[in-house]
Structure formats: structure tokens, C-alpha cells
Amino acid sequence: MLKSIYIDNYKTLVDFKLDLKPINLLLGANGAGKTSVFSALEAVQQLVSSSNSIETIFRKMHLTRWEKVKEDHSFSLELQDNIGLYRYEVSLDPGDEDKYTGSIKYERIFLNGILYYSFENGIIEVYNDQHNRTNRYSFNISRSGLISIQNSLENRVIMHFLELINSILIFSLDPYSGEGIRKKETTNDNIRLNKRARNFEDWFYHFRSSINSDYDNYIRELQQVVPNLDAIVGNEVFGHRFLTIEFMNNITKDNKNNKEEYLFYELSEGQRILIILYSIIYYSKIRPTILVLDEPDNFVTLREIGPIINNLIERSEDKENPLQSIIISHHPEIIDALGFSNGILLRRKDGGATEAIKDLRKSLPVMDSGMLMSEIIARGWEND
């Protein structure tokens with residue numbers, strides 16, 4: 001579980017901390033900083049999970065405009081699981097993209113308050129479970145030093161941290177991005193679904209093999225929001241992968257059940273979003289997941305919102321493998337269902353830095369007026 005996010009000197013986020021629950025709904029007007037939180041989290045994940053240099057991930061233009069003295073971004077994440085509380089800290093100079101001058105100032109990993117990894121002044125130090133230093137060497141400050149860590153028993157604390165970071169799945173789903181039959185990305189079926197889900201048809205092969213015998217139950221859950229859906233079939237022809245979606249049609253001339261087949265991109269935008277979204281949620285049952293969703297309700301009807309919310313709540317309460325969700329939404333149905341209990345209001349006073357307000361009933365008197373939260377927000381009273 002992602003316990004907290006700290007961000008400093010990134011867009012409108014200055015000395016900003018966000019404490020998180022199993023389900024979190026980020027509320028606020030456009031420009032309040034909600035998407036900036038997601039983009040910062042995505043950038044940190046990319047930094048520690050890839051060999052990309054700093055200036056290809058961060059931009060000097062993303063430094064907070066009115067913080068003239070500071071030249072560095074600072075971030076920290078706290079992640080909790082059954083072995084304890086991880087804390088990751090990094091401070092970096094984004095540099096100039098065309099001059100390749102980005103640099104790590106410091107990068108550290110703690111578990112339960114004990115330092116296991118440090119990268120500072122170009123020197124990496126690694127510690128084992130007994131907190132004995134096992135390695136010390138110089139490394140290129142233009143990227144995260146974590147890409148240099150070998151997967152070994154001595155480094156299992158650090159490797160487990162990287163697994164937790166990679167369990168964060170960040171999506172801003174786009175139903176238009178999957179149109180057409182796509183050439184498969186890789187011969188390796190263990191691929192990652194990308195932010196826009198543009199590789200969903202390719203990723204589905206990995207998903208289908210992962211759920212295996214549970215496939216029928218997956219289809220039954222999907223049928224709650226995609227009526228008459230009968231099967232999703234993967235096809236591969238000449239290196240191209242595509243999905244065939246089968247529906248049952250009970251209206252036939254001979255009154256017999258009949259199947260209709262459609263390619264995935266022939267479905268409506270809403271149907272595609274629902275299939276992708278439910279597949280992601282179902283996937284979290286077999287793999288620990290922190291799900292970050294930017295307006296998942298786009299293209300989805302009011303009737304279809306309820307099952308999605310209930311599914312997320314049910315998954316968050318799973319004692320063996322809970323799903324944590326962090327959601328941005330302006331949808332009144334989601335706001336009214338989650339706002340009072342799980343809402344965090346992001347706002348900027350007089351165009352300044354973003355602040356996060358939780359426990360909304362206690363913090364904002366207007367929230368205790370008896371009105372629906374969606375009505376309060378529609379009138380803009382949450383900013384009074």
C-alpha cells in the first residue's frame with residue numbers, strides 16, 4: 001500500500017504531502033494539481049524502473065515558477081507491506097534536455113527506518129539485512145543508481161522495493177487509442193499494460209494466461225456491465241494480435257441462440273473502456289496492485305458506475321490481496337459514493353501552491369450541510 005507521497009518544487013506542488021487510504025478520491029477544480037500528483041508519481045516510477053536519464057523524464061519547466069531559489073525537485077514515497085514500511089527519497093536537478101545536465105543529488109531507500117541504499121555525490125552504498133555495507137562504488141549521476149543493483153539475496157530488500165514500485169499501475173484510459181489491428185509488441189507475453197492501454201489486445205494474452213481457470217468468473221463479472229457478452233477470444237495472424245468479442249443474440253429467425261462476433265475496435269468507446277477497466281481490476285486479484293486512475297468514468301454511463309465503485313470497495317477490503325485505488329473523478333455518482341469517506345480536496349488559494357484537505361466533514365463546515373457533495377462541488381462552495 002502506498003501510505004504517502006511527498007512532492008516539492010514540482011509544478012504547483014510545494015512542500016506537498018498526501019496521506020493515503022485503501023481507497024482515495026482526489027477532488028478539486030481543474031488546475032488544482034490533481035493530475036500533477038499523478039504525473040509526479042509516474043515520473044518517479046519511471047526514474048527507478050528504467051535506465052532513462054533524468055532530463056528525459058523531468059523538465060526544467062516543471063520547476064515551480066515562483067520558487068526562484070530552488071533548482072531541484074524533491075520526492076519521497078512511503079510504501080507499506082507485510083515486511084514493513086519502505087521510504088524512498090530522491091532529490092534531483094532536472095537539467096536542460098538539450099544539454100543532458102540532469103543529475104541526482106541524493107537517492108535513498110529505508111526499511112523500517114534503517115538505511116539500505118544510498119546514492120549521493122556520485123557514490124552508491126548498499127547494505128544487507130544485517131545492515132552491513134556490502135558494496136560501495138561510483139555511478140553516473142544522470143540516472144537512478146537503482147538500475148545498477150544486482151538481483152541477489154544480499155539485495156533482496158532493495159529488489160522487493162522495486163517490486164512494490166512496479167505494482168503501481170497508472171492509467172488515463174483512451175478508447176480511441178486501440179483502433180485497428182496491432183502488430184504484437186514482443187514475443188514475451190509478460191508485458192505491461194501502458195498508460196493509455198494502447199497495447200491492451202497484446203497485453204490480454206498475458207492477462208488470459210494469468211487468470212487461467214478463473215476466466216469464466218471474469219466473464220461473469222464483466223457481463224454485469226457489458227450485457228450479452230459471451231467470450232473474449234485472442235487471435236494471432238502473421239505477427240498481429242487482435243481480440244474477437246463474442247455476444248449472444250437471442251433474436252434470430254429460428255428463435256435459436258446465435259453468437260455475433262466483433263473485433264475489439266468495433267465496439268463502442270464505452271464498451272472498450274469497461275472491458276479494459278474490469279480486466280485491470282480483475283488482474284489485481286492475482287498480483288498486488290496499487291491502481292491509479294485518471295477519470296475512469298469518461299465514456300461510462302451512470303448505470304455502469306455503481307458496479308465499478310462496488311468492485312473497488314470490495315477489492316480494497318480483501319484481506320489476502322487488497323487493491324489500493326487512487327482516483328481522480330468529476331463524476332457526481334463517484335463523488336457522492338466516495339467523497340465524504342475517502343475524498344481528499346486539492347485546492348489552490350489565490351493561485352498559489354496546492355494544498356490537500358482531508359476529513360472533509362470536519363475540515364469544511366459546508367460539507368456538513370446535509371447536501372450531496374456533488375451539489376456542493378457543482379456550486380463551488382468547497383472553496384469558500
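**Around N321**

Author: Leaving aside residues up to four places away in sequence, N321 touches S284, K285, I286, R287, P288 and R315, where contact means heavy atoms within 4.5 Å.

Reader: Before we go on, what kind of model is this, and how are the residues numbered?

Author: This is a predicted model, in which local features need pLDDT of at least 70 and side-chain atom pairs count only at pLDDT 80 or more, while totals for chains, interfaces and linings use all residues. Residues are numbered from 1 along each chain as its sequence is written, and side-chain values use heavy atoms, with hydrogens and water left out.

Reader: What is the mean pLDDT of the protein, and where is confidence lowest?

Author: The mean pLDDT, which is the predictor's confidence in each residue from 0 to 100, is 88 for the protein, and 93% of its residues reach 70 or more. Confidence is lowest in strand β11 (residues 182-183), at a mean of 50, and highest in strand β1 (residues 2-8), at 97. Helices (H or I, at least four residues) and strands (E, at least two) are DSSP runs, numbered from the N terminus. Where pLDDT is low, the predicted coordinates should not be read in detail.

Reader: Back to N321, then: is N321 buried or exposed?

Author: N321, which lies in the loop between α7 and β16, counts as buried because its relative accessibility is 14%; buried means under 20% relative accessible area, exposed over 50%, and partly exposed in between, with a 1.4 Å probe and protein chains only.

Reader: And how do α6 and α7 sit relative to each other?

Author: The axes of helix α6 (residues 269-283) and helix α7 (residues 302-316) come within 11 Å and cross at roughly 10 degrees, which means that α6 is roughly parallel to α7. Axes are lines fitted to C-alpha atoms, for helices over the stretch in contact, and angles run from 0 to 180 degrees between N-to-C directions; under 35 degrees counts as roughly parallel, over 145 as roughly antiparallel, 65 to 115 as roughly perpendicular and the rest as oblique.

Reader: Which residues meet there?

Author: L274, L277, Y278 and I281 in α6 meet E304, P307, I308, N311, L312 and R315 in α7.

Reader: Okay, new topic: what is the strand order in the sheet of six strands?

Author: That open sheet has the order β10-β15-β16-β3-β17-β18, with mixed pairing, and two strands pair if DSSP finds at least two bridges between them. Its edge strands are β10 (168-171) and β18 (354-357), each of which pairs on one side only. Within the sheet, strand β15 (residues 290-294) and strand β16 (residues 324-328) pair in the parallel sense over five bridges, and L293 stands opposite I327 in β16.

Reader: What about the sheet of eight strands?

Author: The open sheet of eight strands runs β2-β1-β4-β5-β6-β7-β8-β9, with antiparallel pairing. Its edges are β2 (16-19) and β9 (133-138), each with a single partner strand, so one side of each is left without a neighbour in the sheet. Helix α3 (residues 156-166) lies across β4 (73-81), β5 (84-93), β6, β7 and β8 (123-127), running at about 100 degrees to β4.

Reader: Last one: how many residues of β13 are buried?

Author: Eight of the 10 residues in strand β13 (residues 240-249) are buried. Strand β12 (residues 229-237) pairs with β13 in the antiparallel sense over eight bridges, and in their hairpin, which has two residues between the strands, F238 takes a positive phi near 50 degrees.
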